[in-house]
Amino acid sequence: MNETDSKIACILDIGQMLLSNGADVNRVEDTTMRLSSAFDFRDCQVHAINSSIILTLTAPDETIITRARRITRIDTDLDKVDALNDLSRKICAGMNDMKSISVEMDRIRRAAPYSPFMMYFAYAVAAGFFTLFFGGTWMDMLCSVPIALLLRFVKVELSHFNDNKMVDNIILSAILTFCALVGQHLFPLLHSDLVIIGDIMLLIPGLAFCNSIHDMVMGDTISGVLSMFDAVLRALSIAIGYVAVWAVMGRLL
Amino acid sequence: MRPELIQILSAGVAGIGFAMIFHIRPRHLPAAFLGSALSWVLYLLTKQVWNSNAIGMMFAALGVTVYSEVCARILRMPVSVIYTPSVIPLIPGGHLYYCMRGFVTDSHAEFVKYGSMLLEDTLSIVLGTMVVLTFVSAITQKRNRKNIR
């Protein structure tokens, strides 16, 4: 790979990593443009949507180059977005040695601010306090915590063989509804509604929704509509899981 | 403790939980706590003054967007890192659930009531956020164009 190719690969790597970790499209296009001019390319044309990036630019020796990248799965990791943002700022400020850039990229790829144990803790905190937030008692909170831990476990296991977020959401929402209804059956003092709401907050596609607003306002209507529709579909799949379990359990209990 | 205080505090702590789920690094967690507590304080206050759920949501979203734009500039990081956990308490999970419950229990009134509230909440959040972002993008995009060319 010659110098030009490796620079373009680096620009696309950063763009792809930004998109697949939950950055909004506007930021991806902006960063790609800045990096291109920092690497002495001219006339950068970039088009990004949630699932792909297309980049055309003119190299210093006047050849015109086009490359594309496909993004298949989006996992929210805003720490990587933040770190990539810092890196691209450094590159624009003059750090253009490919070796140190790739070292930085590797470091960002491996970095994880929280251990798997802490992620379980985060799920428990988020679900427990949302149950409290929506008016649950301490008992409800205590009940939604183990369900949240179970959801995290199932989610990790599912990610090994399933890339479809809708399927994820249907299964997870079915599990949480089942557990909450059984919980209420065993302990009638529990409010299964509030337990379910607290745990459902974990599944709601908040980031897709936020990004879609951002994209639409910033003029990327296509990406905005795509993310909005994605958010709606995922909310619907929560409903599917809930309705399916309720239809069966409502009869039995 | 008063129920409002419990709500505000639990919104803040749940915001921290979500920030961790989104892999936001530990030193930015206080900003997430403040943001999500702030969003609920703003909601409760404006709802009290105008006596309207929609306006409360709108102003809360508006305030949180301003907060996250300012924070992002001070801490030098992407806006979504602050905005996403801060707006979480406004996301109408409760109304979504009651709407679904109305659907399965064949209670038409409940389904329509919470379904329309769900739509109302969503629209208000979008509106509140858009008002701020339009101004921000008008200012920053012009400046950016100068920098890149």
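This is a predicted model: local features need pLDDT of at least 70, side-chain atom pairs count only at pLDDT 80 or more; totals for chains, interfaces and linings use all residues.
In which strand of chain A is Asp43(A) found? Asp43(A) belongs to strand S1 of chain A.

## Chain A as a whole

Chain A contains ten helices and three strands. In sequence order, its elements follow the pattern α-α-β-β-β-α-α-α-α-α-α-α-α. The C-alpha trace of chain A spans about 75 × 35 × 30 Å along its principal axes. Of the 253 residues in chain A, 46% are buried. When contacts in chain A between residues at least 6 apart in sequence are considered, 64% of them join residues at least 24 apart.

## The sheet

The three strands of chain A form an open sheet, arranged in the order S1-S2-S3 with antiparallel pairing. Strand S1 (42–49) and strand S3 (64–70) of chain A each have a single partner strand and therefore stand at the edges, with one side of each left without a neighbour in the sheet. From one strand to the next, the twist averages 10°. In general, the strands of a sheet pair through backbone hydrogen bonds, in either a parallel or an antiparallel manner.

Strand S2 of chain A, residues 52–58, is joined to S3(A) by seven bridges in the antiparallel sense. Within this part of the sheet, Thr56(A) has Thr66(A) in S3(A) as its bridge partner. Helix H2 of chain A, residues 25–38, lies across S1 and S2 of chain A and runs at about 160° to S1(A).

Asp43(A) is not a glycine, yet its phi is positive, at about 50°. Glu62(A), likewise a residue other than glycine, has a positive phi near 75°.

## The contact between the chains

How many residues of chain B are in contact with chain A? There are 41 such residues in chain B, and they are in contact with 47 residues of chain A. On the side of chain B that touches chain A, helix H1 (3–21), helix H4 (79–87), helix H5 (93–104) and helix H6 (108–148) of chain B each supply at least two residues. H1(B) provides the largest share of that side, with eleven residues. By residue type, the side of chain B that touches chain A comprises 28 nonpolar, twelve polar and one charged.

One helix pair that links the two chains is H8(A) with H5(B). Helix H8 of chain A, residues 192–200, packs with H5(B) at an angle of about 125°, and their axes are 9 Å apart. This angle makes H8(A) oblique to H5(B). The crossing in which H8(A) passes H5(B) is right-handed. From H8(A), the residues Asp193(A), Ile196(A), Ile197(A) and Ile200(A) meet Gly93(B), Gly94(B) and Tyr97(B) of H5(B). The residues of this contact between H8(A) and H5(B) divide into four nonpolar, two polar and one charged.

Definitions and conventions
Residues are numbered from 1 along each chain as its sequence is written. Chains are lettered from A and ligands numbered from 1 in the order in which they are written. Two strands pair if DSSP finds at least two bridges between them. Helices (H or I, at least four residues) and strands (E, at least two) are DSSP runs, numbered from the N terminus. Axes are lines fitted to C-alpha atoms, for helices over the stretch in contact, and angles run from 0 to 180 degrees between N-to-C directions. Two residues are in contact if their C-beta atoms, placed from the backbone, lie within 7 Å. Ala, Val, Leu, Ile, Met, Phe, Trp, Tyr, Cys and Pro count as nonpolar, Asp, Glu, Lys and Arg as charged, and the others, Gly among them, as polar. Angles under 35 degrees count as roughly parallel, over 145 as roughly antiparallel, 65 to 115 as roughly perpendicular and the rest as oblique. A crossing is left-handed if the near helix is turned anticlockwise from the far one by less than a right angle, and right-handed if clockwise. A residue is buried if 20 or more other C-beta atoms lie within 10 Å of its own, exposed if 12 or fewer, and partly exposed in between; C-beta atoms are placed from the backbone.
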